Amino acid sequence: MNQDKKTIALILTLGILIGILAGYNIGYNQGRNTGRQEALNTIDTVENKYKLLLLLEKLNQIQELETTAIKEALQLNTNSTLPVQTSNKTIQISQEAVNIAKTIQCNQQTSKLLENLTTNLANLTKETTDQLANNQIQQAVNTYQEIINTINEIIVIIKTCP
């Protein structure tokens, strides 16, 4: 009888120890997985911030080049190709901006709006270049204002992204 109590006590003690070890192992694995996931989330956030900054840089380049092209067109006021060459550079940069915008992670609606606005911006830069090439300076000035407004809209959206 005494031997049975010792056996039962030993079995219970072993069961408790096994339970403690199993609980420790489960907690350790969950903690490790949570830590790993948090690290991945941090990397994604930093990468997204980098893309947002890169997009802002592209917008700045577009604005500077389009401003220069319009100033050149207004100053020269002839069939000069210089404004067209300057404006033409924005077409490639605006396409790069579209490609960057497609990879930025915001909420789904914001991401889609960002992509649509950068695509619209790319179309406007093409339009400005065409107008300057056809010596339609006033139309190019109007389109330039649309470009500036679109850039400002994009900046407002960028501020809402995490």
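Some ground rules. The model is predicted, so local features need pLDDT of at least 70 and side-chain atom pairs count only at pLDDT 80 or more, while totals for chains, interfaces and linings use all residues. Residues are numbered from 1 along each chain as its sequence is written, and side-chain values use heavy atoms, with hydrogens and water left out.

Helices to begin with. By helix I mean a DSSP run of H or I with at least four residues, numbered from the N terminus. Helix 1 covers residues 2-76. Helix 2 covers residues 82-103. Helix 3 is residues 108-133. Helix 4 is 137-160.

How do helix 1 and helix 2 pack? Their axes come within 9 Å and cross at roughly 165 degrees. That makes helix 1 roughly antiparallel to helix 2. The crossing is left-handed. Now take helix 1 and helix 3. Their axes come within 12 Å, crossing at roughly 20 degrees. So helix 1 is roughly parallel to helix 3. This crossing, too, is left-handed.

The terms, quickly. Axes are lines fitted to C-alpha atoms, for helices over the stretch in contact, and angles run from 0 to 180 degrees between N-to-C directions. Under 35 degrees counts as roughly parallel, over 145 as roughly antiparallel, 65 to 115 as roughly perpendicular, and the rest as oblique. Left-handed means the near helix is turned anticlockwise from the far one by less than a right angle; clockwise is right-handed.

Next, salt bridges. The cut-off is a side-chain nitrogen of Lys or Arg within 4 Å of a carboxyl oxygen of Asp or Glu. How many are there in the whole structure? The search finds 2.

One joins Glu96 and Lys58, at 2.6 Å, N to O. Glu96 lies in helix 2 and Lys58 in helix 1, so the pair ties together parts that are 38 residues apart in sequence. Buried or exposed? Here buried means under 20% relative accessible area, exposed over 50%, and partly exposed in between, with a 1.4 Å probe and protein chains only. Lys58 is buried, at 15%. Glu96 is partly exposed, at 26%.

The other joins Lys51 and Glu47, at 3.8 Å, N to O. These two are 4 residues apart in helix 1, so about one helical turn separates them. Lys51 is buried at 19%, and Glu47 is partly exposed at 40%.

On to the surface. Which residues form the nonpolar patch? Leu10, Leu14, Ile16, Leu17, Ile18 and Ile20, with about 610 Å² of accessible area together. Patch residues have over 30% relative accessible area and no salt bridge; like charges are joined within 9 Å, nonpolar side chains (Val, Leu, Ile, Met, Phe, Trp, Tyr) within 5 Å. Areas are Shrake-Rupley with a 1.4 Å probe, and for residues only the protein chains shown count as cover.

Two members in detail. Ile20 lies in helix 1 and is exposed at 53%. Ile18 is in helix 1 and exposed at 57%.

Last item: backbone. Most residues other than glycine have a negative phi. Asn135 has a positive phi of about 60 degrees, although it is not a glycine. Where is Asn135? In the loop between helix 3 and helix 4. Asn135 is partly exposed, at 34%.
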